Amino acid sequence: MTSDTPARRRLRVFSRRRGAPSRARRRIGAAVRMLAALALAGGVYTAFAPGAFADEPKQLSATALEGKQLYDNSCITCHGRDGQGVEDRGPSLIGVGSAAVEFQVGTGRMPMVRQEAQAEQKKPVFDKNQTKQLGQYIQELGGGPQLPSGELVENLDENPEAIARGGELFRVNCTSCHGFGGGGGALSSGKFAPALHDATPEEIYAAMLSGPQNMPVFGDNQLTPEEKREIITYITLQLQEDKDPGGLFNLGRYGPSTEGVAIFLVGITLLVFTSLWIAGKS
Amino acid sequence: MKRRTGKADLQQAPVTFAKGVDERFQASTPLRALLNKVFPDHWSFLLGEIALFSFIILLLTGVFLTLFFDPSMSETAYEGAYPALRGTEMSQAYASSLHLSFEVRGGLFMRQMHHWAALLFMASIVVHMLRIFFTGAYRKPREANWVIGMALFLLGFLAGFTGYSLPDDGLSGTGLRIASAIMLSIPVVGTWISASIFGGEFPGHLIIGRFYIAHVLLIPGGLLALISVHLGLVFKQKHTQWPGPMRTNTNVVGERMFPRYALKQGGFFMAVFGTVALLAGLFQINPIWLFGPYRASEVSSASQPDWYVMFMDGLVRLMPNWQIYIGDYSLPPLFWPAVVGLGFFTTAPMAWPWLEARKTGDKRIHNLLERPRDNPERVGIGSMAVTFFIWATISGGNDVIADKFHISLNAMTWAGRIGLIVLPALAYFIAVRVCLGLQQHDREVLAHGVETGIIRRLPNGQFVEVHQPLGPVDEHGHPVPIEYGGWVVPKKMNRVGALAPAVKGFFFPVEKPSEAPVSPGMPPVSGDTREEITSGRK
């Protein structure tokens, strides 16, 4: 063989056929290959895998930072750092979206007074602006459903059928808990569906989107945004702004149970007094 | 001598007219007996009349409603005045009920009057029945009227339920569904009963028409017949009366039918009519437009029957889920409260007058009422029944109560179950003790006299309260004990004439206040001979 030039000898490093290499060379070769494989795996991992603190470098907006401040003061005890949740105390807020925050905080349900079957509505702790900030923070933290911008109540002049369609949807989806008149109703073990008498369109929309407390989520694939607006139209323009056909008092619209109370408290009482009066005239 | 003019004498006109009528129909003898019939007067005797008058209101308003209601289950798309249902598919019955409510002048008011009068009818039947029960008015010879009264309640129950179902709205459809479920729960014959009533599978397309004819013809006819017999028996057997001065088991003390009693009854009818109209004008009842047309998939929370059915609903809610399997067949838990419970509690009380007579061995005729306190056993059992009924009724609305008073619904259910067993027993005990206590106090006053509130100090330093004896005293100045007469014993000094009889506010009588009532058998103390009671210090 005449090819034993220095150049070819260099190539021989990669050639296995050329007799058994020395022990030292085998060891060095293995170490080099090992290092290369590690570097490759590490590199690919670094390139494709999400970092442990991927969101950390992402800057929170100014509003969200204000929200974070409020969150760290008032919510963190139960919902944990960065909305991760604390076991047996408060659920994670990752992915609940600003709709949930605006409903829960805006109606005073959060912060909760105590752990019980269901958070009660009360005077809100945070004002509208603060609620927005909290919502923004949770939104930027984990995303999730957001309230759409724009009018949430259909205009009946342009779309007069909206109220009837909304009524139908309301009866199918809502009355089994909230009652035919929106007066609310009981669920098991102290839970309840609240009355809708003072619910704003935003609150109703947010509740349908986020499914607060014991309410199921009515996502956009179950009730389209248009159907949601129709339901809100029915609640706000028919049930809340009720013209009350049939009397000054609607007895809360809790069905025949309050009517039964009324017949005894008003009807029978009035007539027993009348009979006392008439029988007294002798 | 009468001056004859060309025209007829107006003053003589009624006389000649009545004479003419009597000559042709011989009406004066029966009419005199009728117009002179005496009715005892007490406010509690007017409770049954509320039911009678609300039945008349029901007939009047009901006739109005039939002019506009269409009992058809054919489908139609609503195109009426109420925008929130426009375009919705619904039955003709529901559409015509909406038309009646929104477009017929006064229609909603009439519908509300009809419904309130129905609730009042049932409520006054129950209140009247309680009066009859607790005063022992059902005793011989009036057992039959007690049974008829119960039957009237049952018929009213059916009338109410069929009427509740007619508008074919979401709530009435839910009620019908429950009724069909109750029928289906009856072993062996259940499916046949349900299929024959609904004309096949629920809901079918016949039920509204069938209920309509039952509601406007059959049941009112039955009610009318039973009410006639009920009142006829009151006429024949005469009204019971409270014991009191001059009142015995063989007479009736009161007012003649004409003119006073008839005038009072006329006035009372107007008062009942006014109350129903007031309720209908002020309080909304059964807003059918909010329930929507009946769809099996739409059941609102707080779907309840009217109050007189609610006790059954409550029993159903409280019944534990005990399903019994016999071979391939099953007996659902619904059967016990809804069929056995309802059947038992509406029919078993019919036997009460005979049960009581059998137990006490009392076969005498009773025209005098008994004060509730004088029969603690009866009051105890009645309180048991009332407590049971009220507790079951409350449980029928337990979801509304749980929600509005922030109680867990599960706690309400368990309170209902435990209370249904414990509370009637407790009510029996308390009622009997209260009756005995009241009896005791009556006897004490009869034996020792009325407390005067004057404390006298005896020479030995002891303090005693001076009592005013109700009757004569013996040689030591101790009152001679008086027999209890079954009527109110005066227990305050102003009731025995120490003060002028009190005339109180709204209820003051037209005439001069009568003499202070005293125990029967004792003439009232006359003003001149009354000795002033003093503390002993002059």
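1. Among contacts in chain B between residues at least 6 apart in sequence, what percentage join residues at least 24 apart? The share is 73%, where contact means heavy atoms within 4.5 Å.

2. This is a predicted model, in which local features need pLDDT of at least 70 and side-chain atom pairs count only at pLDDT 80 or more, while totals for chains, interfaces and linings use all residues. Residues are numbered from 1 along each chain as its sequence is written, and side-chain values use heavy atoms, with hydrogens and water left out.

3. Chain B has 17 helices and eight strands, these being DSSP runs numbered from the N terminus (helices H or I, at least four residues; strands E, at least two). Its C-alpha trace spans about 90 × 85 × 45 Å along the principal axes.

4. The unreviewed UniProt entry lists several stretches of chain B as "transmembrane region", among them residues 43-69 and 115-134; such annotations may be inferred rather than shown by experiment. In the model, residues 43-69 of chain B are 74% helix and 0% strand, with end C-alpha atoms 39 Å apart, whereas residues 115-134 of chain B are 100% helix and 0% strand, with end C-alpha atoms 29 Å apart.

5. Of the 538 residues in chain B, 45% are buried, that is, under 20% relative accessible area (1.4 Å probe, protein chains only). Chain B exposes about 28300 Å², of which carbon and sulfur atoms supply 66%, the areas coming from the Shrake-Rupley method with a 1.4 Å probe.

Conventions
Chains are lettered from A and ligands numbered from 1 in the order in which they are written. Buried means under 20% relative accessible area, exposed over 50%, partly exposed in between (1.4 Å probe, protein chains only).
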